[in-house]
Amino acid sequence: MISLDWKERLVLDSQDYMKRKIPVGDYDFDIIFNAYPERIDNKIPRDVIVLVATTIASKMSKNYDQYKPFLEYIWDKKGENGKLAFACIISRFVRKNPEEYLEYIKPYLFKSTQINDVHVILEKVVYPLLKKTGAQYFDILIQWIRENNEIVSHSIIKTIVKVFKNDPECIKKFTQKMENRWLNANPYLIKINSFYLKQLQKIDEKMYLALYDSYKTTREPIFVEILTGGLSVYSPLLESYFENWAKSGNARVKKAGVTGLKFLTKKKGS
């Protein structure tokens with residue numbers, strides 16, 4: 001909890017920074033909060049960074065293009081504090097023009113090599129947007145998932161699953177959008193779709209099992225491989241489906257069926 005005195009000081013210093021420092025290209029925003037006396041694990045508390053960032057964002061004009069150098073600088077040069085501030089600032093703008101700002105944050109998301117960097121963008125920018133709009137931006141996020149970045153893809157799926165808890169109607173919509181792209185899945189997307197099925201099982205096992213049931217007669221190798229990778233629970237019905245695939249004359253279907261059957265047998269005995 002930030003004391004009232006310090007809250008007032010941080011707000012005033014943030015406003016002064018916006019007025020005097022950013023226009024002349026002085027982007028070292030640490031000056032605003034370095035004197036704050038409290039630390040958590042030797043770090044400035046997140047609440048302080050959020051307060052500073054939201055105050056800065058409130059003073060930015062609608063023409064955010066003039067602030068791009070500042071935003072790029074704090075993301076690239078200011079460590080965890082800069083990345084958190086970046087995400088908080090963008091979260092204010094994304095509500096006004098979601099598609100434009102989603103496109104803007106995409107390069108930052110994909111150049112990140114640390115999961116915490118990806119997480120801060122998704123938590124502060126994407127998740128609040130999804131909570132408000134539901135399925136409206138699923139197509140954009142699915143395109144991101146398809147861009148062969150496993151860290152980003154897993155994090156996006158986990159973020160969307162959080163939305164499911166607040167809006168169960170989204171589960172079917174997102175599942176169908178993922179499922180509609182199964183046929184052309186490459187090995188990377190087979191893994192990602194399998195990962196999604198495991199997340200689906202955790203949040204709606206009934207839908208998870210119904211999806212497997214809908215494919216019980218398929219002979220398409222990609223479908224069976226996705227379903228095999230997505231196994232996470234035992235069910236007698238699942239066992240019967242995989243027993244059938246394990247007898248297939250198609251080598252890929254048979255291999256996936258045998259692998260799935262081994263998993264289910266082990267799960268059954270545990």
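**View 1. Arg252 and Glu225 form a salt bridge, with their closest N and O atoms 2.8 Å apart.** A salt bridge here is a side-chain nitrogen of Lys or Arg within 4 Å of a carboxyl oxygen of Asp or Glu. This pair links distant parts of the chain: Arg252 sits in helix H14 (residues 251–269) and Glu225 in helix H12 (residues 221–229), 27 residues apart. Helices are DSSP runs of H or I with at least four residues, strands are runs of E with at least two, and both are numbered from the N terminus. Arg252 has a relative accessible area of 42%, so it counts as partly exposed. That label covers the range between buried (under 20% relative accessible area) and exposed (over 50%), worked out with a 1.4 Å probe on protein chains only.

A quick word on what you're looking at: this is a predicted model, where local features need pLDDT of at least 70 and side-chain atom pairs count only at pLDDT 80 or more, while totals for chains, interfaces and linings use all residues. Residues are numbered from 1 along each chain as its sequence is written, and side-chain values use heavy atoms, with hydrogens and water left out.

**View 2. Glu239 and Lys268 pair up in another salt bridge, their closest N and O atoms 3.8 Å apart.** Glu239 belongs to helix H13 and Lys268 to helix H14, so this pair ties together parts that are 29 residues apart in sequence. Is Glu239 buried or exposed? Glu239 is buried, because its relative accessible area is 14%.

View 3. Asp13 is partly exposed, at 29% relative accessible area, and so is Arg9, at 39%. By the same rule, the count comes to 15 salt bridges.

**View 4. Helices H11 (residues 205–214) and H13 (residues 236–245) pack with their axes 10 Å apart, at an angle of about 25°.** The axes are lines fitted to C-alpha atoms, for helices over the stretch in contact, and the angles run from 0 to 180 degrees between N-to-C directions. That makes H11 roughly parallel to H13; the cut-offs are under 35 degrees for roughly parallel, over 145 for roughly antiparallel, 65 to 115 for roughly perpendicular, and oblique for the rest. Which residues make the contact? On H11 they are Leu209, Tyr212 and Asp213, and on H13 they are Leu238, Tyr241 and Phe242. Contact just means heavy atoms within 4.5 Å.

**View 5. Phe93 is tucked into the buried class, at 3% relative accessibility.** Phe93 is found in helix H4 (residues 79–94). Leaving aside neighbours within four places in sequence, Phe93 is in contact with Ala57, Met60, Ser61 and Tyr101.

**View 6. Thr159 is buried too, with 9% relative accessibility.** Thr159 lies in helix H8 (residues 150–166). What does Thr159 touch, not counting residues up to four places away in sequence? Leu122, Tyr127 and Leu130.
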